[in-house]
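User: Please go through this structure with me in questions and answers, giving the cut-offs behind each term as it comes up.

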Amino acid sequence: MISELNKSEYYKCKALINEEGLLESKAVIEGENHGRIFVNDPIAPSSGFIWLGSNNGFIFIGNEDNEEFNLELNHFFNTIIKTDALKVDMTAFEAIGNHSKWNKTIKKVFGENVNGYNQRVYELQKDDYRKQNEPVIEQGYEVRKITKNILENKGHLTYENIGFLHSKLLEFWTSFERFLHYGHGYMVFYENEIVSVCFSGVVAGNVHGIDIETLEHHQGKKLAQKAAHSFVQDCIDNHITPYWDCMEINESSVSVAESIGFKNTFNYSWYSITFE
C-alpha cells in the first residue's frame, strides 16, 4: 500500500537515490526544497516517488521492479494524486526516473504511448568558467543581486512588476527567507521593470540548480546570459557548484550553458502523462 511520509521521515529515502541522480530528489529528501514523498513501506521503503513542490513533476526513486508497488501506481495517481492535482488545476504531470531503469517501468505503468522528452544536465567547475564570454548588454539594462530590500520593494528604486520576481521564487521556495538563507540570485532590470532573473531554484548541499527566465519583450539581448554569469561568479566565489538542467531541443539554453563553460554530466528522459 502506498503511503505518504511525514517530513521528519524523509531521511529514510536517502538510500533510494543514486549519487548521479537528479538534484531535485536530493533537495527534497535533505529538506532544502519542499515536496511530498510517497513510498511502498513507511517503515523500510524500497520504492517511491517524490512530488516536487516547484511544479507538476514526479521523480520515481528506489527499486523500479517492485511489482506490488508498480501495480498500485496507476490507480493511485488517477485517484489520490489526481484529487490533489485538480485543486491546483493540474490535468497532466511529468514522470521522471531518478535512474534510467525507471523509464521502462513508467511506460509499462502509464502506457507505452506517453510522450517522452530528453533532458541534459550540466555542471560547472571553477577552472572551466569562461569569464571572457560574458556579454556586454545594451545601455539602460543593469544587473543587481536579489536582496531582502529588493524583495520587499524598498529603497530608492522600486519595481512595478515585483510580482514577477516574487512568483518565480515562490515556484521553488516556501518563503523568501528560505531563499535568502539557502540560495542566491541575480536580476536584470530596465528603468523600473525586472526583465530577467537567474537564481537558485533547487539546492542540495553545495550544488545549486539554476532557474532562469527573461520576459518575452526583452529576449534576444543576452540578458539571461549576463545574469547567469553574475550567478556563476557568485557560486565560484562561495565554493558552490552551479547545476544547469534543460531540454535537449532547447538550443538557446544549451548554447548559453556551454558558452559559460558548463559540462554535460548526464542526460535523462521525462514523460508527459495526462490523468485519466
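User: In which loop is E191 found?

Analyst: This is a predicted model, in which local features need pLDDT of at least 70, side-chain atom pairs count only at pLDDT 80 or more, and totals for chains, interfaces and linings use all residues. Residues are numbered from 1 along each chain as its sequence is written, and side-chain values use heavy atoms, with hydrogens and water left out. With strands taken as DSSP runs of E of at least two residues, and helices as runs of H or I of at least four, both numbered from the N terminus, E191 is found in the loop between β8 (185-190) and β9 (193-204).

User: What is the phi of E191, and is E191 buried or exposed?

Analyst: E191 is not a glycine, although its phi is positive, at about 55°. Buried means under 20% relative accessible area, exposed over 50%, and partly exposed in between, with a 1.4 Å probe and protein chains only. At 57% relative accessibility, E191 therefore counts as exposed.

User: Where is N153 found, and what is its relative accessibility?

Analyst: N153 is a residue other than glycine with a positive phi, near 60°. The loop between α4 (148-151) and α5 (162-170) is where N153 is found. N153 counts as partly exposed because its relative accessibility is 23%.

User: What is the C-alpha to C-alpha distance between K108 and L71?

Analyst: K108 has its place in helix α3 (residues 102-110), and K108 is exposed, with a relative accessible area of 73%. Although K108 and L71 are 37 residues apart in sequence, their C-alpha to C-alpha distance in space is 9.9 Å.

User: How many helices and strands does the chain have, and what is its radius of gyration?

Analyst: The secondary structure of the chain comes to eight helices and twelve strands. The globule rule, 2.2 Å times the number of residues to the power 0.38, is set against a radius of gyration taken over C-alpha atoms. For 276 residues the rule gives 19 Å, and the chain comes close to that, so it is as compact as a globular protein of that length, with a radius of gyration of 20 Å.

User: What percentage of the contacts with a separation of 6 or more is between residues 24 or more positions apart?

Analyst: Buried residues make up 51% of the 276 residues in the chain. Contact means heavy atoms within 4.5 Å. Among the contacts in the chain with a separation of 6 or more, the share from residues 24 or more positions apart is 71%.
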